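Good morning, and thank you for joining this group meeting. I shall take you through one structure, element by element.

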Amino acid sequence: MKKIFMVLLAGLLVFSLALSGCAKQQVQQSAQPEQAKTPEEKVDVVKIGAIFPLTGSAASTGVKLKYAVETAEEIINGEHPELDMPLAREAGLPNLGNAKVKFIFADHQANPEVAKSEAERLIQNEKVVGLIGCYHSSATKPASQVAERFRIPFVAGSSSSAALTERGLEYFTRIAPNDDMETAFFFEYLKYLNATYDAGIKTIGVAYIDNEYGVHAAQMVDKWLKDKYQGEGFEKVVDVKYPKDLSNVDTEVQKIKAAKPDAIFHASYIGDITQFVKKYKEFDVVPKAVVNYCGGFQDPQFVVNLGKDADFFSGSNATAPSLFAKMDTLNKINEIYKKKSGVDFDGPALEDFASAMVIADAINQAGTIDSQKVMEAIKSAVFEAPYFVSGKIKFGKNGQNEYSASVMVQTQNGKYEAVWPVDYQTAEPIPTFPAWKNR
Amino acid sequence: MVETKKIFSQKQVLSWMCILIAVLPLAIPNMNFHHVMIMFVIFAALGQSWNIITGFAGQTSFGHAAFFGIGAYTSSVLFWKYMVSPWVGMLLGALIAMGVAVIVSYPCFQLKGHYFAIATLAIGEIIQQIFVSWEYVEGATGISLPILPEGFLQLQFHQSKLPYFYIAYVLFVLVIVVAYGIEHSKMGYYLKAIRESQEAGEAIGINPTRYKLFAMMISSFMTAIFGSLYAQYILYIDPFMVFSLPLSMKIVLLTVLGGLGTLYGPIIGAAILIPLSEYTRILFGGTGKGIDLIIFGLLVVLVACYQPKGMIGLFGGWARKGQRTGGEKGE
């Protein structure tokens with residue numbers, strides 16, 4: 001048996017050495033990535049790195065994001081005259097001699113250290129000219145720092161922590177609205193419910209997971225209350241922070257029940273929000289509204305897990321299946337995506353699809369793979385994005401997309417309906433929760 | 001037989017290992033390979049540090065990530081808030097980790113076997129939770145270290161990873177020297193006596209608590225040093241990265257994989273585990289199928305089934321065979 005073991009071990013060592021040898025052929029001494037090709041030189045394939053959580057706790061989401069980027073790759077490299085959007089009609093990047101785009105995927109395992117090393121590897125070994133990703137804000141942080149160091153453009157799709165665009169990085173941009181923008185969006189929605197439906201929402205509670213995503217969202221609620229919305233009659237009555245590895249939310253839900261907030265702001269992942277909703281039902285917690293930051297609520301699994309109990313919750317989302325009928329281009333893109341993934345586009349997947357389209361569009365507009373010129377294009381251009389309700393993407397000085405790509409969606413009869421802004425309404429909002437026993 | 005022993009003396013084997021580790025990054029000038037080598041020396045040193053308290057003294061600690069995290073946070077907070085050189089933060093972090101080790105270990109040493117292991121696990125989790133909730137250190141959002149012009153003083157290098165590697169390497173060699181010194185000192189023998197039978201040790205006049213405490217202080221000090229280095233290398237930390245149970249388990253796993261209680265064990269374990277996890281992820285991670293983790297898990301199962309004493313068991317077999325052959329030739 002020891003002989004078999006030794007053979008296996010030797011095989012593994014040879015395998016590791018062979019990999020090292022492969023890597024050796026891609027030696028690059030300088031920290032600066034190779035930018036030897038000028039616009040005049042023909043580029044056959046433009047490589048872009050895509051770092052997602054393909055294994056680990058968020059693997060199911062990561063794989064969907066991978067399908068979204070593969071959808072973008074298919075649209076860019078194929079001929080899709082039926083799609084009224086940039087880079088769809090012709091195959092490849094027209095301004096680079098119809099060069100193809102190849103996305104090189106890497107798995108960060110929801111680990112910031114791995115995200116950093118994968119970013120370095122993609123830049124150094126794979127010679128990517130840009131990066132997209134990473135879904136988890138905590139992974140996007142170190143990966144984008146690597147991009148900044150190498151002066152390579154990084155376009156984040158769905159990472160929502162506002163802290164990402166507060167670091168003053170020159171080579172970082174982000175498509176999704178951050179939690180700062182989402183918070184203001186939520187308050188404006190509540191004001192709309194009060195004004196239009198006399199919902200009478202005044203007190204709010206915040207329930208959030210104890211990590212960067214949750215804590216930062218809660219900080220934004222405090223900031224907006226202090227700066228603006230306290231003056232307009234809103235008041236926070238309860239603040240519930242819960243640990244990452246939560247197994248029971250009884251205490252948290254009882255705390256919320258005791259405070260009786262009119263609206264609850266949730267920053268939760270799919271597992272947590274599912275537990276909370278079950279306990280809201282068990283303890284008969286009936287707020288007037290529950291608004292969710294981009295996270296578990298936006299995952300279609302929310303409706304699958306909870307059935308009828310999932311109804312009447314709301315949250316910001318880049319898209320909703322009910323919008324597909326109103327938006328022809330989005331509908332056609334979704335058909336391509338659905339063939340790969342088996343499900344409809346959700347918000348984060350669409351945002352990461354957009355990040356892939358934007359970086360390819362910027363390279364095409366720059367007419368070169370020179371990272372500085374590509375970054376200039378990213379920062380200065382207004383990108384057509386007919387798949388978003390905003391229809392366009394434009395990055396501000398801090399790298400944040402100035403056009404919020406979100407609508408407020410509410411679950412009604414097991415479907416995500418766009419309920420606000422009014423221009424994109426697929427259904428009217430239901431401003432108050434019915435009692436649990438009446439569902 | 002005696003000649004064979006001289007040829008393969010522990011000091012010589014360790015020296016050759018260290019020389020090989022030092023020249024490898026020069027032989028393969030690839031930044032990704034350098035990253036793997038940096039992670040390798042960091043984790044080999046962490047395994048070596050853990051080995052002092054667990055391998056030598058027999059006190060199984062599942063909470064070493066706490067000391068690693070304290071080192072990482074001390075240097076990062078001082079650097080980020082007050083621009084104190086990470087070198088100063090590294091030393092302070094190691095001293096704080098040592099202080100924490102004394103405070104938490106003293107009562108825990110009253111516990112034996114599994115209870116001690118459970119207590120260290122719980123303490124690790126408690127310390128993580130403190131940092132998650134502590135706003136002064138940015139809680140769960142973590143700390144992004146500012147990128148400064150590169151230099152030895154600020155411990156930042158952007159053009160090449162070799163300076164990071166050689167700093168980690170020098171510290172790694174120091175850890176080996178310390179571990180070697182302990183193993184061959186009176187303290188080393190006392191620790192091994194305590195490991196084999198605390199009661200027997202006490203009967204011959206050893207104060208177990210004192211020596212276990214010394215071992216824990218040295219172990220935590222060295223672990224924290226590498227926490228600071230890691231933070232400066234990654235330039236971003238949050239409590240879930242540096243205080244995590246999986247990190248503690250990785251340190252345990254690589255040492256057990258290589259061979260517990262030996263100086264070679266953590267080096268062999270890290271030499272297999274770190275490149276394997278890095279390269280399988282590089283090769284298969286992008287597929288989204290988790291093949292890298294399957295291969296990684298398979299190796300761990302293989303070792304657990306066929307080499308429960310760790311990889312060092314294989315070399316031990318060779319050595320015995322070599323000794324026998326040498327003896328026969330001599331005859």
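This is a predicted model: local features need pLDDT of at least 70, side-chain atom pairs count only at pLDDT 80 or more; totals for chains, interfaces and linings use all residues.

**Transmembrane regions and domains**

In an unreviewed entry, UniProt lists residues 12–28, 34–53, 65–83, 89–109, 164–182, 213–231, 251–276 and 282–306 of chain B under "transmembrane region". Take two of these stretches in the model. Residues 12–28 of chain B are 94% helix and 0% strand, with the end C-alpha atoms 24 Å apart. Residues 34–53 of chain B are 100% helix and 0% strand, and there the end C-alpha atoms are 30 Å apart.

I now turn to chain A. Its division is into domain 1, comprising 45–177 + 325–393, and domain 2, comprising 180–323 + 406–438. The C-alpha centres of these two domains of chain A are 29 Å apart. Where they meet, 23 residues of domain 1 of chain A contact 23 residues of domain 2 of chain A. Which element gives the most to the domain 1 side of chain A that touches domain 2? It is α11(A), with four residues. By class, that side of domain 1 of chain A holds twelve nonpolar, seven polar and four charged residues.

Finally, consider helix α6 of chain A, residues 212–229. This helix has 18 residues and reaches 24 Å from its first C-alpha to its last, close to the 26 Å expected. Among the buried residues of α6(A) are Glu212(A), His216(A), Met220(A) and Tyr229(A). The cover over the buried residues of α6(A) includes α4, α5, β6, β7 and β8 of chain A.

Thank you for your attention.

Conventions. Residues are numbered from 1 along each chain as its sequence is written. Chains are lettered from A and ligands numbered from 1 in the order in which they are written. UniProt positions are given in the numbering used here, feature names are shortened, and annotations may be inferred rather than shown by experiment. Helices (H or I, at least four residues) and strands (E, at least two) are DSSP runs, numbered from the N terminus. Domain bounds come from an automatic or database domain assignment. Two residues are in contact if their C-beta atoms, placed from the backbone, lie within 7 Å. Ala, Val, Leu, Ile, Met, Phe, Trp, Tyr, Cys and Pro count as nonpolar, Asp, Glu, Lys and Arg as charged, and the others, Gly among them, as polar. The expected span of a helix is 1.5 Å times one less than its number of residues. A residue is buried if 20 or more other C-beta atoms lie within 10 Å of its own, exposed if 12 or fewer, and partly exposed in between; C-beta atoms are placed from the backbone.
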